[in-house]
Amino acid sequence: MSIEVLPVEGLPVFHPGDDLAGEICKKIDLIDGDILCIASSVYSKSKGHIRTLDEVVPSEKAKEIAGMCGEDERFIQVVLDQTEEIVLEYPFVLSKISSGHVGVRAGVDNSNVERGHVIILPPDPMAAAEEIMERVREISGKDIRVIITDTCGRSFRRGQTGVAIGWAGMDAINDFRGYHDLFGRVLEITEEAVVDEIAAFSNFLMGESNRGVPAVVFRNCPEWKGHNELYFEPECDITIKALRKIN
């Protein structure tokens, strides 16, 4: 197996109303089976999922949390507006959002956007991936797979890595349960989060500062079989259960 990884370079700065998929198709000739990874920030910018901080009125809860964390209370209010459940309030806000994703500050970001504005995650990342996939098919006639990515910190380790928050055209998990290992033992718990692994490497090429590469193509990736249950069911998520006791 030889996988080719192609950063989509030369894309413009995106604004609300821009045709993200169309601009990507201008910069690279996609082929059937490609996996296109797109940073959630540029998708959100193209769709207008942006808040102007001067227009945000912070609640008392936002002021309380901002005071503890040393954050702009308007920023925290945007975080609360996107939050389905606050998992942790201090030393940072850890939020669960409606899509099931759990992230610091609900994924709200003030980088790579004009001063005084913040970007919020796509409200429905799965639909976002499906939309890009269909738009690429409409423009190019190619059947590709799509991953919408975001960056997240990790428990127990320093540093951030890319993760998939939306995907289309593939299963999130490669399920090896029932297969045999090299010594004939039946695998009972092995479920590989392939979309996260691909998202992480795409983030390595996108960069985190001013590189300006918001899309990456993976070519010659094999297909796999599994399922889309990437997020734990609430009763199975022991980390959130433990944090709820702390909060």
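1. Let's start with helix 2, where S40, V42, Y43, S44, K45 and S46 are buried. Please keep in mind as you read that this is a predicted model. Because 6 of its 8 residues are buried, helix 2 is largely enclosed by the rest of the structure. Just past its end, G48 takes a positive phi of about 80°.

2. Leaving aside neighbours within four places in sequence, S46 is in contact with H15, P16, G17, D18 and L20.

3. Next, have a look at I38, which belongs to strand 2 (residues 35–39). Is I38 buried or exposed? With a relative accessible area of 0%, I38 is buried. Its contacts, not counting residues up to four places away in sequence, are L20, I24, I132, I147, I148, T149, M206, P214 and A215.

4. D237 is a residue I would point out to any colleague interested in charges. You will find D237 in the loop between strand 13 (226–227) and helix 7 (238–246). D237 is buried but has no salt bridge. Which side chain of opposite charge is nearest to D237, and how far away? That is K96, at 6.6 Å; a salt bridge needs the nitrogen and the carboxyl oxygen within 4 Å. The side chain of D237 does reach a backbone atom, though: the nitrogen of I240, at 3.2 Å.

5. On to the charged pairs that do meet. The structure holds 16 salt bridges. One of them joins R105 and E71, with the closest N and O atoms 2.7 Å apart. This pair links distant parts of the chain, 34 residues apart: R105 is in the loop between strand 6 (102–104) and strand 7 (117–119), while E71 is in the loop between helix 3 (60–69) and helix 4 (73–82). R105 is partly exposed, at 27% relative accessibility, and E71 is partly exposed too, at 25%.

6. A second pair to check is E138 with R135, a salt bridge whose closest N and O atoms are 2.8 Å apart. How are E138 and R135 placed along helix 5? Helix 5 spans residues 125–140, and because the two are 3 residues apart in that helix, about one helical turn separates them. E138 counts as exposed, at 60% relative accessibility, whereas R135 is partly exposed, at 27%.

7. D181 and R185 make a further salt bridge, the closest N and O atoms being 3.3 Å apart. Here D181 is partly exposed, with a relative accessible area of 25%, and R185 is exposed, at 53%. Elsewhere, salt bridges that share partners join D19, R135 and E138 into one network.

8. In which order do its 3 strands run? The order is 4-5-6, in an open sheet with antiparallel pairing. Strand 4 (85–88) and strand 6 stand at the edges; each has a single partner strand, so one side of each is left without a neighbour in the sheet. From one strand to the next, the twist averages 30°. Strand 4 pairs with strand 5 (residues 94–96) in the antiparallel sense over 3 bridges.

Note on methods
Residues are numbered from 1 along each chain as its sequence is written. This is a predicted model: local features need pLDDT of at least 70, side-chain atom pairs count only at pLDDT 80 or more; totals for chains, interfaces and linings use all residues. Side-chain values use heavy atoms; hydrogens and water are left out. Helices (H or I, at least four residues) and strands (E, at least two) are DSSP runs, numbered from the N terminus. Buried means under 20% relative accessible area, exposed over 50%, partly exposed in between (1.4 Å probe, protein chains only). Contact means heavy atoms within 4.5 Å. Lys and Arg count as positive and Asp and Glu as negative; His and the chain ends are not counted. A polar contact is a pair of N or O atoms within 3.5 Å; within protein, one must be able to donate a hydrogen and the other to accept it, and residues adjacent in sequence count only if both atoms are side-chain atoms. Two strands pair if DSSP finds at least two bridges between them. Axes are lines fitted to C-alpha atoms, for helices over the stretch in contact, and angles run from 0 to 180 degrees between N-to-C directions.
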